[in-house]
Amino acid sequence: MITSSPTPLRASRETGRPPVSVSFEFFPPKNEEMEKTLWASVGRLAPLSPSFVSVTYGAGGSTRERTHATVERLARETALSPAAHLTCVAATRDEVDEVVRAYKAAGINHIVALRGDPVTGVGTRYEPHPDGYAFASDLVAGIKRIGDFEVSVSAYPEKHPESASLDADIDVLKAKVDAGATRAITQFFFENDVYFRYLDKVRARGIDIPILPGILPVTNFKQASNFATRTGASVPAWLLRRFEGLDDDPETRKLIAAAVAAEQVTDLVDRGVTDIHFYTLNRADLVYAICHLLGLRPQADGVPQAVAV
């Protein structure tokens, strides 16, 4: 059993900053070793009392059962508020609705609604299922018809790779909000000005839901660059220079990664951001350290207990 204090944390006095809320993304484990890593990470981060934790969903529903099992276990064995990712790729409306109803029956009231990537992989054309929800906005509307769910959606400060322009991409976000989305979480980015310019454009369109910045702490630069290529996120030259010559030096990479991520989130908070979402990649130490630097502290009774795997 993992416990975390239900009391929201406050920034420590020494930071002088306003309270910060954090949330974490995990992915469902594929094997026993990954399962141990996941639950060790959950145990490490749970005492920070995140506003919610989300669990990803593979292309074409490839992790459907594992996602559901992980979300249910989070709800059953922790004091955390889990959110289940859900896509509409390669599934009929009835199949998707069945998943939504299963979450409702399990007491899960927060879904992260995504269109999803083509089953055949990045670089191939997305084709809606003929009997399915065509786009994320349709999925959001379908979820809201089934129950009074909290629905988070994606947002792209540098536009989705398939969008013709940033303005067209904001049209897509507006459609999701009009369908009932209550929060957006951005694709990761490395230049904070990119996020703030995007936020200005979104607000100018009358979109007033929270837009949480999604932060990816970079522990493996090559992996992060591959992620960025697939998602349309830019990798600035200064970040490349930070990691140059460290391919065979993982310990120094960790130190650089901590410095880069700390700089980014500290700047966000200094510029008024109070809600931050971390893509943890099921690794806790770096995210925990960043939260500590922000002044977040576990409650005295929020010490994680062992989780049986």
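## Salt bridges

Aspartate 267 is partly exposed, because its relative accessible area is 28%, where buried means under 20%, exposed over 50% and partly exposed in between (1.4 Å probe, protein chains only). This aspartate forms a salt bridge with arginine 271, and the closest N and O atoms are 3.1 Å apart; a salt bridge is defined as a side-chain nitrogen of Lys or Arg within 4 Å of a carboxyl oxygen of Asp or Glu. Arginine 271 counts as partly exposed at 40% relative accessibility.

The model is predicted: local features require pLDDT of at least 70 and side-chain atom pairs count only at pLDDT 80 or more, whereas totals for chains, interfaces and linings use all residues. Residues are numbered from 1 along each chain as its sequence is written, and side-chain values use heavy atoms, with hydrogens and water left out.

## Salt bridges involving helix α9

The structure holds 14 salt bridges. One of them pairs glutamate 263 with arginine 242, with 3.3 Å between the closest N and O atoms. Glutamate 263 belongs to helix α9 (residues 250–270) and arginine 242 to helix α8 (residues 237–243), so this pair ties together parts that are 21 residues apart in sequence; helices (H or I, at least four residues) and strands (E, at least two) are DSSP runs, numbered from the N terminus. Both partners are partly exposed, glutamate 263 at 43% relative accessibility and arginine 242 at 32%.

A further salt bridge joins glutamate 251 to lysine 254, the closest N and O atoms being 3.7 Å apart. These two residues are three positions apart in helix α9 and are therefore separated by about one helical turn. Glutamate 251 is exposed at 52% relative accessibility, while lysine 254 is partly exposed at 49%.

## Aromatic pairs

Five aromatic pairs are found in a search of the whole structure. Rings of Phe, Tyr and Trp (its six-membered ring) pair if their centres lie within 6.5 Å; planes under 30 degrees apart count as stacked, over 60 as edge-to-face and the rest as tilted. Phenylalanine 24 and phenylalanine 278 form a tilted pair, 6.2 Å centre to centre with 35° between the planes. Because phenylalanine 24 lies in strand β1 (residues 21–26) and phenylalanine 278 in strand β9, the pair ties together parts 254 residues apart in sequence.

The rings of phenylalanine 189 and tyrosine 195 are stacked, with centres 5.4 Å apart and planes at 5°. Phenylalanine 189 and tyrosine 195 are both buried. Ring pairs link Phe189, Tyr195 and Phe196 into a cluster.

## Positive phi values

Most residues other than glycine have a negative phi. Alanine 90, which is not a glycine, has a positive phi of about 55°. This alanine lies in the loop between β3 (82–87) and α3 and is partly exposed at 42% relative accessibility.

Leucine 281 also has a positive phi, near 55°. The residue is placed in the loop between β9 (275–279) and α10 (285–293), and leucine 281 is partly exposed, with a relative accessible area of 28%.

## Negative surface patch

Asp94, Glu95, Glu98 and Asp131 form a negative surface patch. Patches are made of residues with over 30% relative accessible area and no salt bridge, with like charges joined within 9 Å and nonpolar side chains (Val, Leu, Ile, Met, Phe, Trp, Tyr) within 5 Å. Aspartate 94 is located in helix α3 (residues 93–105) and is exposed, with a relative accessible area of 62%.

Definitions and conventions: Areas by Shrake-Rupley, 256 points an atom, 1.4 Å probe, with all protein chains shown as cover. Lys, Arg positive; Asp, Glu negative; His and termini not counted. Charge placed at Lys NZ, Arg CZ, Asp CG, Glu CD.
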